[in-house]
Amino acid sequence: MPYADSPTIILGADGFLGRNLVDRWQAEGWPCHPVGRAAGDFTDPAVVDRVFREAPKAGRIFHVITKQRTGNIQWGIQGELLRDNASIHLNILEAWRHHQPQAKLVSLGSSCTYAEASHPTPEEEFGIGRPHRSVQGYALAKQLLATGCETYGKQYGLHWLHCVLATVYGPHAHTEDTRAHFMAAMIDRAARTKATGAMEFEVWGNPHTVRDLLHAHDQIDAVLLADRHFDDRIINVTPNAPVEVGDCATAILRALRWDARIISPPGSFQGAGYKSLDSSRFLAATGWKPRLSVEAGVAQVLAADYGEAIAP
């Protein structure tokens, strides 16, 4: 594995995906240089320049820093999300070319960068159309990151990969209402609601909303395989197995052994009705399949974080 040969810099090492990446590197015994919030504010170019200058010469840089919010709050801070994330991404690109040009920059993207569509979206549709209005500022900054990787790579002879991910849940996931993605939020809400003795489970929005979904460990496996097979491109990294939010809610109830009635409160937050990626290029090159079904992944989270009994 290339990660054993030289240190990997992990930016955002104390965030959700960053912590899971660091856990993986430590479990494998690969050399790792984690960079978390204690390093300073990455919207400040001087901070980022210092971090890259002082870091060991790396073979890879995993960029997973992002300022992200979910639900209704993101409608009101689109400019802030665009400003802060664009600053972070541009600062990282500049520091990369100046201080770590030998390293391949692997950045993690979001499906929200693609326009709303009624079909699985291939990489060829990147940058075509407008993202859903609820994520417009955040998505534009992610588009800037992907385009920045490509343009910096071409001008300065750098190598990169921008992986567009599924919705991810698992260890270290955010569960706050303003930061949690749908699956982590539902698992947390279900576990807490069941503990009260209630027999109704609220599922926000439309239960027929479609998303891609992966446990964090499966998503990291997929990203590492993509890194081995692809260079200098945007690549969708999902299992081509979209799920409905209502089916995910049912899987959570089964894992909890909770015979609750699912209700959908009127007026609750609803993002894009259909959001799924076409990852045929990645799957054809790697033959990858996730190890965990939705129900098995939920059961793992419940056992680790909530101490709940798991259905056999």
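How are helix 7 and helix 9 oriented to each other: roughly parallel or oblique? Helix 7 and helix 9 are oblique to each other; angles under 35 degrees count as roughly parallel, over 145 as roughly antiparallel, 65 to 115 as roughly perpendicular and the rest as oblique. This is a predicted model, in which local features need pLDDT of at least 70 and side-chain atom pairs count only at pLDDT 80 or more, while totals for chains, interfaces and linings use all residues. Residues are numbered from 1 along each chain as its sequence is written, and side-chain values use heavy atoms, with hydrogens and water left out.

**Terms for the helices**

- Helices (H or I, at least four residues) and strands (E, at least two) are DSSP runs, numbered from the N terminus.
- Axes are lines fitted to C-alpha atoms, for helices over the stretch in contact, and angles run from 0 to 180 degrees between N-to-C directions.
- A crossing is left-handed if the near helix is turned anticlockwise from the far one by less than a right angle, and right-handed if clockwise.
- Contact means heavy atoms within 4.5 Å.
- Ala, Val, Leu, Ile, Met, Phe, Trp, Tyr, Cys and Pro count as nonpolar, Asp, Glu, Lys and Arg as charged, and the others, Gly among them, as polar.

**Helix 7 and helix 9**

- The axes of helix 7 and helix 9 are 9 Å apart, and the two helices pack at an angle of about 50°.
- Helix 7 and helix 9 cross in a right-handed way.
- From helix 7, the residues in contact are Ala251, Ile252, Arg254, Ala255 and Leu256; from helix 9, they are Val294, Glu295, Val298, Ala299 and Leu302.
- Sorted by class, the contact of helix 7 with helix 9 has eight nonpolar, no polar and two charged residues.

**Helix 5 and helix 9**

- Helix 5 covers residues 182-195 and helix 9 covers residues 294-305; their axes are 11 Å apart, at an angle of about 55°.
- That angle makes helix 5 oblique to helix 9.
- Helix 5 and helix 9 have a right-handed crossing.
- Met183, Ile187 and Ala191 of helix 5 touch Val294, Val298, Val301 and Leu302 of helix 9.
- The contact of helix 5 with helix 9 has seven nonpolar residues, no polar ones and no charged ones.

**Helix 5 and helix 7**

- Helix 5 packs against helix 7 (residues 245-256) at an angle of about 40°, and their axes are 10 Å apart.
- Helix 5 is therefore oblique to helix 7.
- The crossing of helix 5 and helix 7 is right-handed.
- Helix 5 contributes Phe182, Met183, Met186, Ile187, Ala190, Ala191 and Lys194 to this contact, and helix 7 contributes Val245, Cys248, Ala249, Ile252 and Leu256.
- In the contact of helix 5 with helix 7 there are eleven nonpolar, no polar and one charged residues.

**Aromatic pairs**

- Rings of Phe, Tyr and Trp (its six-membered ring) pair if their centres lie within 6.5 Å; planes under 30 degrees apart count as stacked, over 60 as edge-to-face and the rest as tilted.
- By this rule there are nine aromatic pairs.
- The ring centres of Tyr3 and Trp30 are 5.1 Å apart and the planes are at 45°, so this pair is tilted.
- Tyr3 lies in the segment before strand 1 (8-11) and Trp30 in the loop between helix 1 (16-28) and strand 2 (32-35), so the pair links parts of the chain 27 residues apart.
- Tyr3 and Trp30 are both buried; buried means under 20% relative accessible area, exposed over 50%, partly exposed in between (1.4 Å probe, protein chains only).
- Tyr3 also forms a tilted pair with Phe62, at 6.3 Å centre to centre and 55° between the planes.
- Phe62 is in strand 3 (residues 60-63), 59 residues from Tyr3, and Phe62 is buried, as is Tyr3.
- One aromatic cluster is formed by Tyr3, Trp25, Trp30 and Phe62.

**Positive phi values**

- Most residues other than glycine have a negative phi.
- His172 has a positive phi, near 70°, and is found in the loop between strand 6 (167-169) and helix 5.
- His172 counts as partly exposed, at 27% relative accessibility.
- Asp232 has a positive phi, near 55°, and lies in the loop between helix 6 (216-229) and strand 10 (234-237).
- Asp232 is partly exposed, with a relative accessible area of 33%.

**Asp305 and His172**

- Asp305 lies in helix 9 and is partly exposed, at 46% relative accessibility.
- Asp305 and His172 are 133 residues apart along the chain, and their C-alpha atoms are separated by 9.2 Å.
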